[in-house]
Amino acid sequence: MDYIFIEKSKGDIKVGYVKDENLTEFYLEKERTKSLIGNVYRGRVLDIIEGMNSAFIDIGEEKNAYLSFSDSIPIGEIYNRRTGKISDFLKQGSDILVQVTRDSYDEKGAKVTRHIELPGKHIIFNPKSNRINVSRRIKNKAKRNRLEELGKKIIIDDYGMIIRTAAEEVEEWIIEEEYNNLYNIYEKLKRELNFIPCPKLIYRDLKDWEEIIRDRKLNRIIVNDRKIYENILEIEDQYELEIKDKIQFNKEFSLDYNLNLSKQLKRGLSREVYLKSGASIVIDEVEALTVIDVNTKSYTGKSNLEKTILETNIEAAKEISKQIRLRNIGGIIIIDFIRMANENDIEKLINKFKDHIEEDPIQTDIAGMTRLGLLELTRKKTRPTLGEIFDKS
């Protein structure tokens, strides 16, 4: 059974996505530090830093936003200009449209891009490309081809799209209607550049819990705040969802009173996580990367050593994929599994890990195993990790 809980307490909002009784994702939106990801601003170029080939943009928030060279290239030039100076495209004091791709953390401001994308339930409107990309999770070749052909038929002005997994079984007119709606929103945003004042928020993306409600197949939605409850009903009308019968308004709900979920959250904040077999994984997060080490601890297995190591690594791979998603770990991740000599066992482990990591909605790319037996992967970094959120609480 899949459900989410939304708990508002003292102005802060706790959101948990629970899948088969496992706390799979957790978000904490503090009243003073709300997420800006996906929001579009009319921003002003404050400083161009030639040495870093980047710029700082005033978007009207407490900290100025950071714009890199690659994110500053106008759409018309994006495939022609891989190198150059950011000053070729920006002038100090000019107004530009930017979208937040990463929230601010520590002393760093939000990261922004000029390449605006608009996510819908079935597609992501992607005007920086004229390509039709289909979700990797749609495996059926005939379905992929059908969706690609549909995309080619409905695109306007060479504005491409990413077709999401949710589109696999829906009727074509639904996808076309959603594309047209997002196209109209994008055209309206472009026209906003000609108005004042600046800086100004001109498009607010959905909150985490709003996205989950729109995109996931949920059995229940538990909420303890009347205003949020009413907002959910608005989402139902906006996206033509059937969720009214699934919403449970319970003003007494609190994560603190749910021992199972509280225990799982505590587990997601621990440096060492113990597995059922007696083995453990140790997770060390630093600014540059995250290192995860697998230890056999007291687990010695019931048969030969090679089988014991493979069983431990496979068990650890499942838990690691859960912890990466729950903790929202991003950037470079290095996993030090217990060393295996058998190539078939290594391949089996990597395939098992891929199966688990594919369930994660955040883009994750597995680079492979190094000569030292370390598995390398990268996961898109957007919001602060679970640990960073609670460190600031």
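In this predicted model, Q323 is in contact, leaving aside its neighbours within four places in sequence, with R267, G268, V273, I281, I283, N328 and I329. Q323 belongs to helix 7, which spans residues 305-327, and because its relative accessibility is 3%, below the 20% cut-off, it counts as buried. Its side chain also makes a polar contact of 2.7 Å with the side chain of R327.

R267 is part of helix 6, residues 259-267, in which L261, Q264 and L265 are buried. Seen down the axis of helix 6, these buried residues fall within an arc of 100 degrees, so they line one face of the helix. The cover over them includes helix 7, together with strand 1 (2-9), strand 2 (12-19), strand 3 (22-29) and helix 9 (386-391), whereas the face turned away from the buried side carries the exposed residues L259, K263 and K266. At the N-terminal end, helix 6 is capped by N258, a side-chain oxygen of which lies 3.3 Å from the backbone nitrogen of N260.

Turning to the aromatic residues, the structure holds 12 aromatic pairs. In one of them, the ring centres of F125 and Y183 are 6.4 Å apart and the planes stand at 80 degrees, so the pair is edge-to-face. This pair links distant parts of the chain, with F125 in strand 10 (residues 123-126) and Y183 in helix 3 (residues 172-192), 58 residues apart. F125 also forms a tilted pair with Y186, at 5.6 Å centre to centre and 55 degrees between the planes, and both F125 and Y186 are buried. Ring pairs link F125, Y159, Y179, Y183 and Y186 into a cluster.

Methods
Residues are numbered from 1 along each chain as its sequence is written. This is a predicted model: local features need pLDDT of at least 70, side-chain atom pairs count only at pLDDT 80 or more; totals for chains, interfaces and linings use all residues. Side-chain values use heavy atoms; hydrogens and water are left out. Helices (H or I, at least four residues) and strands (E, at least two) are DSSP runs, numbered from the N terminus. Buried means under 20% relative accessible area, exposed over 50%, partly exposed in between (1.4 Å probe, protein chains only). A polar contact is a pair of N or O atoms within 3.5 Å; within protein, one must be able to donate a hydrogen and the other to accept it, and residues adjacent in sequence count only if both atoms are side-chain atoms. Contact means heavy atoms within 4.5 Å. The arc is that of the directions from the helix axis to the C-beta atoms. Rings of Phe, Tyr and Trp (its six-membered ring) pair if their centres lie within 6.5 Å; planes under 30 degrees apart count as stacked, over 60 as edge-to-face and the rest as tilted.
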